[in-house]
Structures are given as structure tokens and as C-alpha cells.
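Subject: The structure I promised you

Hi there,

Here is the structure for you to open alongside this email. Have a look at it first, and then read on.

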Amino acid sequence: MTILVTGGAGFIGSNFVIDWLAGHDEALVNLDALTYAGNLANLDGLRGDPRHRFVHGDIRDRALVERLLGEHRPRAVLHFAAESHVDRSIHGPEAFFDTNVTGTLRLLEAVTGYWRALEEAERNAFCFLHVSTDEVFGTLGPEDAAFTETNRYLPNSPYAASKAASDHLARAWHHTYGLPVVTTNCSNNYGPYQFPEKLIPLCIHRALAGEPLPVYGDGLQVRDWLYVSDHCAAIRTVLAAARIGETWNIGGHNELTNLEVVHTLCALLDELRPRADGLPYACQITHVRDRPGHDRRYAIDASKLARELGWSPAETFASGIRRTVAWYLAHEVWVRDVTSGAYREWLGRHYA
Ligand code: NAD
Ligand code: DAU
């Protein structure tokens, strides 16, 4: 038995691949285009492991995807590959529609052709798992109930619009062609191997470099944080047991303002790697211009997944963020390698 994963050299994808092979003997084909966000070093621990087959390629390359499906005959396709950073989508939306929309469309077409030609038993057992985000639901006021699976889609950023479009494609391929699809909508992830453009690794990296910690606007925007291995466990649970054709929310029950997150990071760094001058890292916090169209609050109601499939997160924010800071402190070479010229160019352009 084999599964095919797209985007398995990115943050969540590589954590999923590592966790999967730590817990299963089932082989895994990993298709990733290695954009700036994809990093083979994340998978160094799997070098020489015959269960992991990495393929450098693009989900938009339908011929390649068809060849991989025919060759490896996976029982499931797990679709993580995407352009994922909201700020980049504001500077350059097109890449988001190329990968998240056209890429998902080509992948669905290739997978549908493959699935139709399977023997009946294999066809009945097949699953296309589409990994999506809570951002498709838009923004919440302070007193609003958390997003459930039935919330209206109200995407506000180009990234969220492209993910919403990809969710609609996945849904339509199930309803029109019968492809066995499940979709997951998850809140903000954090943990090892996250590219330091996202809030948590960005602040750890910049704190250690003695640079300003850029908090957008008043810093009172709220996100619901989930440790990445809990997300990976939820995806395995959905793959194993979820009803086909449904969507499943995944969240961490950790609603925090951005300022609370950044102050927590600063306090952990004060404890684990104090500044040479004895000042608290919080003195580096700097309020900068807000993100255009910035969603004020996300909160996920993950009770369907808990009630019906028995999943709940193992990490609290306190335990997960401590593990995360410790991981970044122990992997400064990884951080140095990904913060190359292209990364500095992004920082210069975005935070100028
Ligand atoms: P990421 O940006 O870290 O990784 C994306 C991966 O996809 C990279 O390895 C990249 O090389 C690959 N990729 C991009 N374009 C590709 C293409 N055309 N063909 C093949 N590979 C391509 O993203 P992430 O944070 O790991 O997110 C993974 C998925 O989870 C995305 O679909 C994202 O929308 C979703 N998601 C992310 C979060 C989060 O907090 N990070 C939360 C909810 C959902
Ligand atoms: O909610 C799920 C989404 O979470 C995923 O779909 C996205 O792929 C993922 O990138 C993430 O989106 P956010 O925009 O919430 O994540 P980001 O880390 O970019 O920002 C988190 C919050 O911190 C957000 O309110 C913006 C703020 N922020 C971010 C950066 C990079 C700052 O205040 N300063 C910063 O420099």
C-alpha cells in the first residue's frame, strides 16, 4: 500500500511525512516543486529510507502526476501543496491562483482518471484528502461563535480566495464525478520546519538576530494556534475514518492575540537564551503598518472531529510553543540555510 503526498517538503507536509513514516510501514510518494518554501533538508532523516520516494515536480504537470499514479498505484492522495503566505499573496496574487487553483484542478483531473480505472474494491477504498484552511471562512468579531463546517465561505485575502476556490473544486469533483474527497480546514499551525516568514519562526529568528519584532497594527488580532504534529494526527484520523464528501474542521482551542504570542516567545527566549545585555527580548517589539484587509479573528470549532472521530490535540499552547522555541534554538543551521539571499530580499521588500 502506498499514499501520494503533494507538498511534502514544506512545513506541514514534511512534518506529516516524518510522522507518517515513524508510525507506519506504508510507503509514501512525495511530490513537491521545491519552491522557496519547500526544503529537502526537512527530510534529511529519511535519506536512504526505501519507504520514502521523493519526486521533484509540479502538481500542474498532469502528465507527471498521471505517470506517478500509474507507477505507484496509491490508495490515497493527500494534497498539501500550495502557496501559503498571506502577505506574499498581497504582493503577488497570481502564483497563488496558478498553484492553488490551476494546480488543484490539474491534480483532480489526473486523480479522477486514475481512480475511475481502478478495480472496484480499490475504487471504493480510495480517498483524495484536500488540506485547507480556516481562512476561507473570513473574519470573526470578538463575540462571534467559532467557525463550524457549515459557515459561509467569505475569503478576504488573495490567498484565502485561492484556497476557497480549491475547496470548491474538490467539492465539485466529488459531487459531479463521484471522486471520494474529504476536505480539512485547519487553523494556524506552528512547530518545527516552519519557514521564517510566518509570525512565530520570524519572531524567533529576528529576536536572536537583535532585530525588531514586527507586530502588525495594534497586535490584537486573534489566531487559534495548533501544534503541527496535532494537525498531522488529525489528518491521519480523517484519512482513516472520515465520511467521504464531508469537511472537517481542525483547531487547537488556543485563541491568542498576536501580542500574547510574541510576548510568550520573548519570555521563553529570556529563559532559554537570554540577551547578552540582560534586557528582555520584548524591548525589540515594534508596531508596524497593518496588513491590508487583515482578518481580525479566527477561531475553529473542531467539535465534529472530536465527537465523531475522537481526535483532540495533544499539545497545549504552553507545551507546544516551548518545544517549538527549543527546536529553533537547536536548529540554527537549518534556519541559517533557509534565510538566504531570496529570504532577505523578501524581508527588504515587505517590511521596508
Ligand atoms: P508551505 O508553504 O510551508 O509548503 C508548501 C509546499 O508546497 C512547499 O514544499 C512547496 O515547495 C510546495 N509547492 C508549492 N507549489 C507547488 C506546486 N505547484 N507543485 C508542487 N509543490 C508545490 O505550506 P504549509 O504551511 O506547509 O501549508 C501546507 C498546506 O496546509 C497548504 O495547503 C496550506 O494552505 C494549508 N494550511 C496551512 C496552515 C498553516 O498554518 N501553515 C494552516 C491551515 C492550512
Ligand atoms: O489560519 C490558517 C492560516 O494561518 C494558514 O492558512 C496560512 O497558510 C498561514 O500562513 C496562517 O496565516 P496567517 O496570516 O494567520 O499567519 P502569519 O504567521 O502570516 O500571521 C499570523 C498573525 O500574525 C496574523 O494576524 C498576522 C500577524 N503578523 C504576521 C507577520 C508575518 C504580524 O503581526 N507580523 C508579521 O511580521
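This is a predicted model: local features need pLDDT of at least 70, side-chain atom pairs count only at pLDDT 80 or more; totals for chains, interfaces and linings use all residues.

Below I go through the chain as a whole, then the two ligands, then one residue.

Residues are numbered from 1 along each chain as its sequence is written, chains are lettered from A and ligands numbered from 1 in the order in which they are written, and side-chain values use heavy atoms, with hydrogens and water left out.

**The chain**

The protein chain has 13 helices and 12 strands (DSSP runs numbered from the N terminus: H or I of at least four residues for helices, E of at least two for strands). Its radius of gyration is 20 Å, close to the 20 Å that the globule rule gives for 352 residues, so the protein chain is as compact as a globular protein of that length. That radius is taken over C-alpha atoms, and the rule is 2.2 Å times the number of residues to the power 0.38. The C-alpha trace spans about 65 × 50 × 40 Å along its principal axes.

Of the 352 residues, 54% count as buried (under 20% relative accessible area, with a 1.4 Å probe and protein chains only). The chain exposes about 14,700 Å², and carbon and sulfur atoms supply 52% of that; areas come from the Shrake-Rupley method with a 1.4 Å probe, and for residues only the protein chains shown count as cover. Among contacts (heavy atoms within 4.5 Å) with a separation of 6 or more, 81% join residues 24 or more positions apart.

**Ligand 1**

Ligand 1 is surrounded by 28 residues, the closest being Ile12, Asp32, Ser84, Tyr159 and Lys163 (a residue counts if one of its heavy atoms lies within 4 Å). Oxygen atoms of ligand 1 have polar contacts, meaning pairs of N or O atoms within 3.5 Å, with the protein: a polar backbone atom of Gly10 at 2.9 Å, a backbone N or O atom of Ile12 at 2.7 Å and a polar side-chain atom of Asp32 at 2.6 Å. On its own ligand 1 exposes 840 Å², and the protein buries 96% of that. Helix H1 (11-23), strand S5 (127-133), helix H6 (158-177) and strand S7 (188-190) each give two or more residues to its shell, and S5 gives the most, with three.

**Ligand 2**

Around ligand 2 there are 24 residues, and Thr133, Asp134, Tyr159, Arg291 and Tyr351 are the closest. The shell divides into 10 nonpolar, seven polar and seven charged residues (Ala, Val, Leu, Ile, Met, Phe, Trp, Tyr, Cys and Pro are nonpolar, Asp, Glu, Lys and Arg charged, and the others, Gly among them, polar).

**One residue to look at**

Thr183 lies in strand S6 (residues 181-186). Is Thr183 buried or exposed? Thr183 is buried, with a relative accessible area of 5%. Leaving out residues up to four places away in sequence, Thr183 touches His130, Ser132, Asp167, Ala170, Glu246, Thr247 and Trp248.

Note on methods:
A polar contact is a pair of N or O atoms within 3.5 Å; within protein, one must be able to donate a hydrogen and the other to accept it, and residues adjacent in sequence count only if both atoms are side-chain atoms. Buried means under 20% relative accessible area, exposed over 50%, partly exposed in between (1.4 Å probe, protein chains only).
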